[in-house]
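Here are some notes to read alongside the model, written for someone meeting such a structure for the first time.

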Amino acid sequence: MSLKDKLDMNRLPSHIAIIMDGNGRWAKEKGEDRLFGHLHGVESVRNIVEGCAELGIQYLTLYAFSTENWDRPENEVSGLMSLLVDTIRKEVPTLNKNNIRLHVIGEVNMLPEDARAELNEAIAETGKNTGLNLVMALSYSSRWEIINAVKQIAEAVKAGTIIPEEISQAVFQGYLTTSRFPDPELMIRTSGEYRISNFLLYQLAYSELYFTPTLWPDFRKENLYEAILDFQQRERRFGKTGEQLKTDRV
Ligand code: IPE
Ligand code: IPE
Ligand code: MG
């Protein structure tokens, strides 16, 4: 029996975010180059995107490349960029077939010209799809995003289009790159690292965090179901007491 059959389909998270980590170590275990790990990581991306679409998950955010990852060795960065361009080009028909809409968050100006062009094309070509929203975090870091939001708000105050008293959580959220998406209910990190690494710091305020030792290239649908099952067993209290939640439910 697949773990899928154990899932409560009425209590699925609407937004899952994943830090896809461990490609390098996976390759090293096999005596291969780090890029070999990234190449196999793409298989996991395909499998998990498909798995989320099948379940009817509305948003999946994948941390694919951080601002800090630009400091990796040049050959790894350029290899990752070529892999990105190649993958997007090949995947658009499958995204359309599965009604998946692509979005990108991050400092995209930092990406090479061809990668940006491919991305823009794929975003436009999948723009009318109404199923899963696949959000790729590319050249993304949360501190960059927050500083960027603050700068834009400061400009708006200077221009007189907003007054400081009006800056609420809802207004602030409108300036984040994720303004169109709800906060993730579940955040998964693979590879046994217990950290956030500059990912969605604001948006993860009340997310359930799930850490697994599985390296990203080994992560498949069954692992995803396991994470969701774990999520479904948790009590999300949002600062209230467990007792309050019980009375709220009746
Ligand atoms: C995640 O795997 C992919 C990216 C950060 C691009 P890593 O490349 O970080 O793999 P490890 O953590 O070194 O094993
Ligand atoms: C986080 O992984 C970024 C992505 C998965 C894209 P890293 O491997 O870069 O994170 P650290 O350096 O271990 O914190
Ligand atoms: Mg890593």
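1. A residue is called buried when its relative accessible area is under 20%, exposed when over 50%, and partly exposed in between, using a 1.4 Å probe and protein chains only. Helices (H or I, at least four residues) and strands (E, at least two) are DSSP runs numbered from the N terminus.

2. This is a predicted model, in which local features need pLDDT of at least 70 and side-chain atom pairs count only at pLDDT 80 or more, while totals for chains, interfaces and linings use all residues. Residues are numbered from 1 along each chain as its sequence is written.

3. Helix H4 covers residues 113-125, and its buried residues are Ala-115, Glu-118, Leu-119 and Ala-122. Seen down the axis of H4, these buried residues fall within an arc of 100° (taken from the directions from the helix axis to the C-beta atoms), so they line one face of the helix. On the other side of H4, Glu-113, Asn-120 and Ala-124 are exposed.

4. The cover over the buried residues of H4 includes H3, strand E3 (101-105) and E4, where contact means heavy atoms within 4.5 Å.

5. Which residues line the second largest pocket? Its lining consists of Arg-11, Phe-231, Arg-234, Glu-235, Arg-236, Phe-238, Leu-245, Asp-248 and Arg-249, and helix H8 (residues 242-249) gives the most, with three residues. Here a pocket is an open set of points on a 1 Å grid over the protein atoms alone, where a 1.4 Å probe fits, with protein on both sides within 12 Å along at least five of seven lines, and lining residues have an atom within 4 Å of a point.

Notes
Chains lettered and ligands numbered in written order. Heavy atoms only, no water. Expected span 1.5 Å × (residues − 1).
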